[in-house]
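Reader: I am new to this structure. Please take me through its strands, helices and charged pairs.

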Amino acid sequence: MCSSTDSPKAAVPDTGLHIRSMAAFDAEKVAQLESLCFPCGWDAGQYKEALEGGTLFGTVCQDDTGDIIGYVAASGVLDEMEILNVAVREDRRRLGVASALLDAALQEACERHILICHLEVRTGNVPARTLYEHAGFRQAGLRRKYYADNGEDALIMTLDLRDRQTEQRTASAPEPHDLQETL
């Protein structure tokens, strides 16, 4: 089961920032941040509709004032998901926010029994490519002239979440001596 939108999923160490599941009431703030980070994006109505309809999920990072300073938006069908966007407000970059957001989104994907995660990233976006590679994504293809604003190519990257799910099951399994104590 996914975490409640009222309770934090995680904290970003030493920053006062908290990560939680994205909810429909976040649509306006997420759309505002998206417009600052990307040349073309969704508006608040599109976010709200997709979140309420269950076709979109993700994570948001909030500061102590409640401002959303980063998010991951994803869509899922059956056992696959696509990361649509990862964004962090410019003055909050290089603090580990994107990495923590991505990790929380992948955790939610595992809770939803998603096995494969895909994304496209601009070939020239080295920081994003590095983030995804550190998370375990591997290049799976190339989309030529994918981005309409400048004709830049997109790398297709994929992550197999089955290993992560196996690790989580192993980590949550009781130790043999724990079983003995309950018998």
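Author: Two strands pair if DSSP finds at least two bridges between them. Helices (H or I, at least four residues) and strands (E, at least two) are DSSP runs, numbered from the N terminus. This is a predicted model, in which local features need pLDDT of at least 70 and side-chain atom pairs count only at pLDDT 80 or more, while totals for chains, interfaces and linings use all residues. Residues are numbered from 1 along each chain as its sequence is written, and side-chain values use heavy atoms, with hydrogens and water left out.

Reader: Over how many bridges do β3 and β4 pair?

Author: β3 and β4 form a hairpin with five residues between them, and Gly66 in the turn has a positive phi of about 95°. Within the pair, Gly58 stands opposite Ala73 in β4. The strands β3 and β4 run in the antiparallel sense, and the number of bridges is six.

Reader: Which residue in β5 is the bridge partner of Val72?

Author: β4 also pairs with β5 (residues 80-88), in the antiparallel sense over eight bridges. This is a hairpin with two residues between the strands, and Leu78 in its turn has a positive phi of about 55°. The partner of Val72 in β5 is Val86.

Reader: How many of the 10 residues of β4 are buried?

Author: Buried means under 20% relative accessible area, exposed over 50%, and partly exposed in between (1.4 Å probe, protein chains only). By that rule β4 is mostly covered, and of its 10 residues the buried ones number seven.

Reader: Is Asp63 buried or exposed?

Author: Asp63 is found in the loop between β3 (57-62) and β4 (68-77). Contact means heavy atoms within 4.5 Å, and, not counting residues up to four places away in sequence, Asp63 touches Gly16, Leu17, Ile69, Arg89 and Arg92. Its relative accessibility is 11%, so Asp63 counts as buried.

Reader: With the side chain of which residue does the side chain of Asp63 make a polar contact?

Author: A polar contact is a pair of N or O atoms within 3.5 Å; within protein, one must be able to donate a hydrogen and the other to accept it, and residues adjacent in sequence count only if both atoms are side-chain atoms. For the side chain of Asp63 the distance is 2.6 Å, and the partner is the side chain of Thr65.

Reader: In which sense do β5 and β6 run, parallel or antiparallel?

Author: Glu80 stands opposite Ile116 in β6. The chain crosses from β5 through α3 to β6 in a right-handed β-α-β crossover; right-handed here means that, with the strands pointing away from the viewer, the path from the first strand over the helix to the second runs clockwise. Four bridges join β5 to β6, and the sense is parallel.

Reader: Which residue in β8 is the bridge partner of Val121?

Author: Six of the seven residues of β6 are buried, so β6 is largely enclosed by the rest of the structure. β6 pairs with β8 in the antiparallel sense over seven bridges. The partner of Val121 in β8 is Leu155.

Reader: Which exposed residues are on the face of α4 turned away from its buried side?

Author: In α4 (residues 126-134), the buried residues are Ala128, Leu131 and Tyr132. They cover an arc of only 95° around the axis (taken from the directions from the helix axis to the C-beta atoms), which puts them on the same side of α4. What covers them includes β5, α3 (97-111), β6 (116-122) and β8 (154-160). The face turned away carries the exposed residues Pro127 and His134.

Reader: Which residue caps the N-terminal end of α4?

Author: The cap uses a side-chain oxygen that lies 3.2 Å from the backbone nitrogen of Ala128. The residue that supplies this oxygen is Asn125.

Reader: How many salt bridges does the count come to?

Author: A salt bridge is a side-chain nitrogen of Lys or Arg within 4 Å of a carboxyl oxygen of Asp or Glu. Arg122, Asp149 and Glu152 are linked in a network of such bridges. The count of salt bridges comes to 10.

Reader: How far apart are the closest N and O atoms of Arg112 and Glu108?

Author: Arg112 is partly exposed, with a relative accessible area of 35%, whereas Glu108 counts as buried at 2%. Arg112 and Glu108 form a salt bridge, and their closest N and O atoms are apart by 3.2 Å.
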